[in-house]
Amino acid sequence: MNKKVVYIVILIECILAVFLISFFGQAIFNAIRNVPVEEVYFTYEDGTKIEDDVPLKFELKGSQIDYQLYWYVGPKKAYNKKVKFTSSKPEEVEVNDAGVVTFFEQVDVVITVTSIDGSNVIDSIRLVPQQKEGGEVEI
């Protein structure tokens with residue numbers, strides 16, 4: 001083959017590659033970027049999943065009124081891992097966007113975490129503050 005034909009074939013292949021990448025590559029990029037949340041669950045501080053229907057019992061010490069929640073949002077490649085929290089007893093127990101639960105009264109409460117990417121995947125946990133040794137929790 002002569003050099004001119006080789007250059008034309010290479011040029012055609014490059015144009016075809018650019019076209020295919022720009023057409024299909026964008027679709028692939030969008031599919032990867034728009035991975036929805038498939039699971040949300042509460043964890044212990046070490047990342048271990050808290051099984052469903054297992055209440056989380058803990059002791060508020062001294063004048064402590066806050067408790068930090070931990071959670072997992074998956075899959076790892078989900079494009080929007082933001083969540084919102086709600087309290088079943090908002091007058092007695094609040095929870096902020098960072099998962100910090102503030103107790104105004106010593107009550108059992110159910111906290112729900114919901115993905116906000118549109119998939120609306122949820123999990124709930126029952127928090128049970130325990131009496132500290134020798135008396136009641138100071139709230």
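Predicted model: local features only at pLDDT ≥ 70, side-chain atom pairs only at ≥ 80, totals over all residues.
Let me begin with F85, which is buried, its relative accessible area being 8%.

The ring of F85 pairs with that of W71. The geometry is edge-to-face, with the centres 4.8 Å apart and 75° between the planes. W71 belongs to strand 4, residues 70-74, and F85 to strand 5, residues 83-87, so this contact ties together parts that are 14 residues apart in sequence. The two partners may be compared in their accessibility. W71 has a relative accessibility of 28% and therefore counts as partly exposed, whereas F85, at 8%, is buried. The pair also belongs to a cluster, in which ring pairs link F42, W71 and F85.

Three strands make up an open sheet, ordered 3-7-6, with antiparallel pairing. Which strands stand at the edges? They are strand 3, residues 66-68, and strand 6, residues 93-95; each has a single partner strand, so one side of each is left without a neighbour in the sheet. From one strand to the next, the twist averages 20°. Between strand 3 and strand 7, the antiparallel pairing extends over three bridges. Within this region, D66 stands opposite T102 of strand 7.

Finally, the charged side chains. How many salt bridges does the count give? The count comes to one salt bridge. In it, the side chains of R126 and D108 meet, with 3.2 Å from N to O. This pair, too, links distant parts of the chain: R126 is in strand 9, residues 122-130, while D108 is in the loop between strand 7 and strand 8, the latter covering 109-115, and the two residues are 18 apart. As for accessibility, R126 has a relative accessible area of 39% and is therefore partly exposed. D108, with a relative accessible area of 31%, is likewise partly exposed.

Key: Residues numbered from 1 in each chain as written. Heavy atoms only, no water. Phe/Tyr/Trp six-rings, centres within 6.5 Å; stacked < 30°, edge-to-face > 60°. Helix = DSSP H or I, 4+ residues; strand = E, 2+ residues; numbered from the N terminus. Buried < 20%, exposed > 50% of the residue type's maximum accessible area, 1.4 Å probe, protein only. Pairing = 2+ DSSP bridges. Axes fitted to C-alpha atoms, helices over the stretch in contact; angles between N-to-C directions. Salt bridge = Lys/Arg side-chain N within 4 Å of Asp/Glu carboxyl O.
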